[in-house]
Amino acid sequence: MLLQDLASGARSIEAAQAAFAAMEVMYPICRSITGDGVRRTLDIIGETLPLQRLEVPSGTPVFDWEVPREWNIRDAYIAGPDGARVVDFKAHNLHVVNYSVPVRARMSRDELEPHLHSLPDRPDSIPYRTTYWREQWGFCLRHSDRVNLGPGPYDVVIDSSLAPGSLSYAECVVPGSDAGEALVYTHTCHPSLANDNLTGIVVAAQLARLLREERPRLTWRFIFGPGTIGSLTWLARNEHRLAGVRGGLTLGLLGDTSPLTYKCSRLGQTVTDRVATFVLERSGRPHRVVDFEPYGYDERQFCSPGFDLPVGRLSRAQHGDYPQYHTSDDDLSIVSADRLGESMSIAAAWIATFDANRSLVNLCAKGEPRLGKRGLYGAVGGQAPGDSERAMLWVLSYSDGDHDLVDIAQRSNLPFASIVAAAQALEQAGLVRDAGASLIHQGDMP
Ligand code: ZN
């Protein structure tokens, strides 16, 4: 199992290095919630992963929102009286407020001032600002440069377009052997920022690439789309599919120095949450499990009460709690391949565990069945049962439809792989059967 290799670290160095190399390629691209930067990013992901690309026209209603007009930008600058560019989009794409309407004007420093954004407490960083839903324009610059601006006049140019077009997103679907689906969503809308969220994009892409080499039980749908409007658009187009969704994760912020952090789904105690807590505890790595709050990334759309999907979030930092967040300092230097690899291992372990987890029903529940006469008991009578026999007894004991294999691994303190192997052996011997998806869902209710 490639994912289990990844989860155990055997392949994680190679996968993490490939992920980091992909970040280097995609970092310079000016992405947004729509436009050619996102398409170029999806082109690059598509070089190593078969993607289904989707374009949803501007104006398409999605619940209380609609797909906006498409934004593209070619150039932008502020030039001083001598013609030299004092702020230049071509030097860093964070210099333009993302989604700025086009501008071509000459203005004084005072007229320009309301359109400038800087961070007095981080004077050498360019802030990241957006104006998706309000037609305005602006520039972001280092505060240390802003304080040196003279009275002008300045030539101000934003060569952008905001026009009917489409929102671009992509899916990679890895088909499963059983009914039931799981989701992985990552946001693709941030321009030259590394941790938020090229890390989520490259980790999701590596996981999808490796999972494609396996035969999972569930169908896994990896979605690469813009934040908020992308997950809303996906949900609006896939409502018919949601009854089959057993759970999922949003991925982001996976390369910084914070401990691994899992944010629970809205209800908490769902199978997604239990598997994540179990995987993190068993990993022995420093981690945090935090409660749901209706703020953050796309988990808040999947968890909105009208859908209430068991979708949690795996990250390291949480949005806003690292000093480089949403500034030009969120660059490749704050992300390491090692930490990407660690995050990828945990995400891989979550996927492998979630995929193998299920509830069973004991078909021979009155007393213990005789394992020996079915060839299931390896040990000589009288000896203490070994791990595999012990795992079978645990599975038989808790296969009541209300407990799943993760519950049983937790209670027994046995490796999850032993519990899965025991369940398979018992199923083949006709001693247990799958409880079915509906029972798994009932088991999720708090
Ligand atoms: Zn962000």
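Let's start in the interior: Asp-196 and His-326 are both buried. Keep in mind that this is a predicted model. Those two residues also belong to the zinc site, where the protein donors are His-190, Asp-196 and His-326.

**The zinc site**

- Read along the chain, the donors of the zinc ion are spaced as H-x5-D-x129-H.
- Why is the pair of Asp-196 and His-326 worth a look? Asp-196 is in helix α6 (residues 194-211) and His-326 is in the loop between β16 (311-315) and α10 (337-356), so the pair ties together parts that are 130 residues apart in sequence.

**The sheet of 4 strands**

- Go across this open sheet and you'll meet the strands in the order β5-β4-β9-β6, with antiparallel pairing.
- β5 (85-88) and β6 (103-107) are the edge strands, and each of them pairs on one side only.
- From one strand to the next, the twist averages 15 degrees.
- How many bridges join β6 to strand β9? There are 5 bridges between β6 and β9 (residues 154-163), in the antiparallel sense.

**Aromatic pairs**

- Searching the whole structure turns up 13 aromatic pairs.
- One of them is Trp-71 with Tyr-99, which is stacked, at 5.7 Å centre to centre with 25 degrees between the planes.
- Trp-71 belongs to strand β4 (residues 70-79) and Tyr-99 to the loop between β5 and β6, so this pair ties together parts that are 28 residues apart in sequence.
- Are Trp-71 and Tyr-99 buried or exposed? Both are buried.
- Trp-137 and Phe-139 also pair up, but edge-to-face, with 6.3 Å centre to centre and 80 degrees between the planes.
- Trp-137 has a relative accessible area of 14%, so it falls under the 20% cut-off for buried.
- Phe-139 counts as buried too, because its relative accessibility is 0%.
- Trp-71 and Tyr-99 turn up again in one aromatic cluster, together with Tyr-132.

**Helix α8**

- α8 (residues 271-283) has 13 residues, and it spans 18 Å from its first C-alpha to its last, close to the 18 Å expected at 1.5 Å a residue.
- Its buried residues include Val-271, Val-275, Ala-276, Phe-278, Val-279 and Leu-280.
- Thr-272, Asp-273 and Arg-274 are among the buried residues of α8 as well.
- Which residue just after α8 takes a positive phi? That's Gly-284, with a phi of about 70 degrees.

**The sheet of 3 strands**

- This open sheet has antiparallel pairing and runs in the order β18-β17-β19.
- β18 (400-404) and β19 (432-434) are its edge strands, each pairing on one side only.
- On average, and with direction ignored, neighbouring strands here are turned by 35 degrees against each other.
- Strand β17 (residues 359-362) is joined to β18 by 2 bridges in the antiparallel sense.
- Val-361 finds its bridge partner in β18, namely Asp-400.
- Helix α12 (residues 405-412) lies across β17 and β18, and runs at about 65 degrees to β18.

Definitions and conventions: Residues numbered from 1 in each chain as written. Predicted model: local features only at pLDDT ≥ 70, side-chain atom pairs only at ≥ 80, totals over all residues. Heavy atoms only, no water. Donors = N, O, S within 2.8 Å, 3.2 Å for Na, K, Ca; no water. Buried < 20%, exposed > 50% of the residue type's maximum accessible area, 1.4 Å probe, protein only. Pairing = 2+ DSSP bridges. Axes fitted to C-alpha atoms, helices over the stretch in contact; angles between N-to-C directions. Phe/Tyr/Trp six-rings, centres within 6.5 Å; stacked < 30°, edge-to-face > 60°. Expected span 1.5 Å × (residues − 1). Contact = heavy atoms within 4.5 Å.
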